[in-house]
Every structure is written in structure tokens, then in C-alpha cells.
Amino acid sequence: MYQKGEIIVYGNTGVCKVEDIGVPAISGVDQSKKYYTLDPVFESGKIYIPIDSKAFMRSIITKEEALKLIHRIPDIREEIIDNRNLNLLKEHYKTSLENYICDDLIQIIKTVSVKDQMAQDKGKKLGQVDKFYMKKAEEMLYGEFSIAFDMPKDDVKAFIAKKVFNDSSNLSVIN
């Protein structure tokens with residue numbers, strides 16, 4: 001069970017603060033259950049989720065875990081899916097996102113970055129499905145790293161690049 005004030009990762013919403021635990025004062029909720037009241041850190045609104053829900057929730061990555069992951073980025077391999085069936089491509093990306101595993105998020109970012117470069121080399125543009133899921137993976141990863149490193153989310157990409165390459169001008173591995 002998470003504690004009030006704890007920062008967690010919830011589903012595809014991403015980083016949330018546990019604002020309260022109990023029965024919320026809203027209509028339509030099961031009064032016999034306790035709920036987490038979650039406040040998304042990078043979005044507006046409130047989320048009410050039963051504490052015994054099967055929805056994906058986990059503790060946020062620590063600073064030490066994030067640093068170890070950054071050092072492994074060069075070893076995380078792209079997984080180029082050259083499939084013209086957009087539904088299969090969407091399903092592949094959705095599966096990679098649903099467990100919110102940071103390695104998978106990095107793999108999506110690296111994969112789509114490589115696909116984008118390949119498309120540009122052919123004088124083409126990256127597909128909308130790839131763009132959408134890369135943006136989602138970046139939002140999820142950079143949001144969590146922002147909390148782990150206690151820095152603005154907009155600074156995370158350059159921070160990662162600097163750690164990986166010791167040169168913030170080379171961002172190709174993380175887009």
C-alpha cells in the first residue's frame with residue numbers, strides 16, 4: 001500500500017502524487033472501499049482508484065536506478081518493426097508501454113529515432129503512429145526521471161544526452 005504524499009507511477013497517466021487515502025466525497029463510488037486520490041504531477045485533474053485495483057501502479061524509480069539505466073542506454077537495442085499494418089504496429093507499442101518499464105520506453109524512443117533517420121535518408125517523413133508513441137514514451141520516461149533527478153521535465157533529455165555522450169549536442173540515441 002502506498003502512503004499519503006508518496007510519488008508513484010500510475011498506468012499511462014504517469015507520475016502521480018498520492019494526495020489522500022480513503023473514501024472520496026464524490027457520488028458514485030463504492031462507500032465500502034478505500035481509494036487512492038491521485039494528483040497527476042504533469043497533468044491536471046484527480047484520479048480516484050480503489051486501493052485494491054488491478055490497475056498498474058508502482059513506486060517511482062530512484063535516482064540511483066535512473067543513473068544505472070542511463071549508463072545502459074547504449075546497450076538497449078532498437079527493435080525495428082517494418083510492418084505496414086498500422087494496427088499491429090500500434091499493438092506492439094501499446095504492449096511496450098503498458099507495464100511502464102523504463103528500458104522499454106528507451107527502446108521505443110531509440111527505435112523511432114532510428115526509423116525517423118531512415119525515413120529522412122529516403123526523403124520521407126516518419127509515420128503518425130511512430131510519432132505518437134515516441135511522444136508518449138518520452139512523456140512517461142522524462143516525467144519519471146524529472147522526479148528522480150529533481151529537475152524540470154524539459155531539462156531531462158539534455159541531461160540524459162550529456163550523461164550518455166558527454167556532449168549535449170548529440171541527441172540521436174534519445175531522439
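Tutor: Start with a term: a residue is called buried when its relative accessible area is under 20%, and exposed when that area is over 50%. Keep in mind that this is a predicted model.

Student: Which residues of helix α1 are buried?

Tutor: Helix α1 spans residues 63-72, and its buried residues are A66, L69 and I70. They lie on the same side of α1, because they cover an arc of only 100° around the axis.

Student: Which exposed residues does the face turned away from that buried side carry?

Tutor: That face of α1 carries E64, K68 and H71, which are exposed.

Student: What covers the buried residues of α1?

Tutor: The cover includes three other helices: α3 (102-121), α4 (128-149) and α5 (153-165).

Student: How many helices and strands are there in the chain?

Tutor: The chain has five helices and five strands. Along the sequence the pattern is β-β-β-β-β-α-α-α-α-α. For overall dimensions, take the C-alpha atoms: along the principal axes they fill a box of roughly 60 × 40 × 25 Å.

Student: What share of the chain counts as buried?

Tutor: The chain has 175 residues, and 38% of them count as buried. Sequence separation can be read as well: of the contacts with a separation of 6 or more, 56% are between residues 24 or more positions apart.

Student: What does T111 contact, once its neighbours within four places in sequence are left aside?

Tutor: T111 is in contact with E78, E79 and I80. The residue sits in helix α3 and is buried, with a relative accessible area of 3%.

Student: How many disulfides does a search of the whole structure find?

Tutor: The search finds zero. To count as a disulfide, two cysteine sulfur atoms must be within 2.5 Å. The closest cysteine sulfur to that of C16 is in C102, at 15 Å, so the two are too far apart for a bond. Both cysteines are buried: C16 has a relative accessible area of 0%, and C102 has one of 6%.

Student: How do I read a pocket?

Tutor: The general idea is that rolling a probe the size of a water molecule over the atoms shows where empty space is left. In this structure, consider the second largest pocket, with a volume of about 150 Å³.

Student: Which residues lie nearest the centre of the second largest pocket?

Tutor: Its lining has 14 residues, and T13, F42, E43, E139 and K153 lie nearest the centre. At least two lining residues come from β2 (14-22), and at least two from α4. The largest share belongs to α4, with four residues. Sorted by class, the lining of this pocket has six nonpolar, four polar and four charged residues.

Student: What is the phi of D150?

Tutor: D150 has a positive phi of about 50°, although it is not a glycine. Its place is in the loop between α4 and α5.

Student: Is D150 buried or exposed?

Tutor: D150 counts as exposed, at 74% relative accessibility.

Key
Residues numbered from 1 in each chain as written. Predicted model: local features only at pLDDT ≥ 70, side-chain atom pairs only at ≥ 80, totals over all residues. Heavy atoms only, no water. Buried < 20%, exposed > 50% of the residue type's maximum accessible area, 1.4 Å probe, protein only. Arc of directions from axis to C-beta. Contact = heavy atoms within 4.5 Å. 1 Å grid on protein atoms, 1.4 Å probe; cavity = no way out; pocket = protein on both sides within 12 Å on 5 of 7 lines; lining within 4 Å. Points joined across faces, edges and corners; volume = space filled by probe spheres on them. Nonpolar A, V, L, I, M, F, W, Y, C, P; charged D, E, K, R; others polar.
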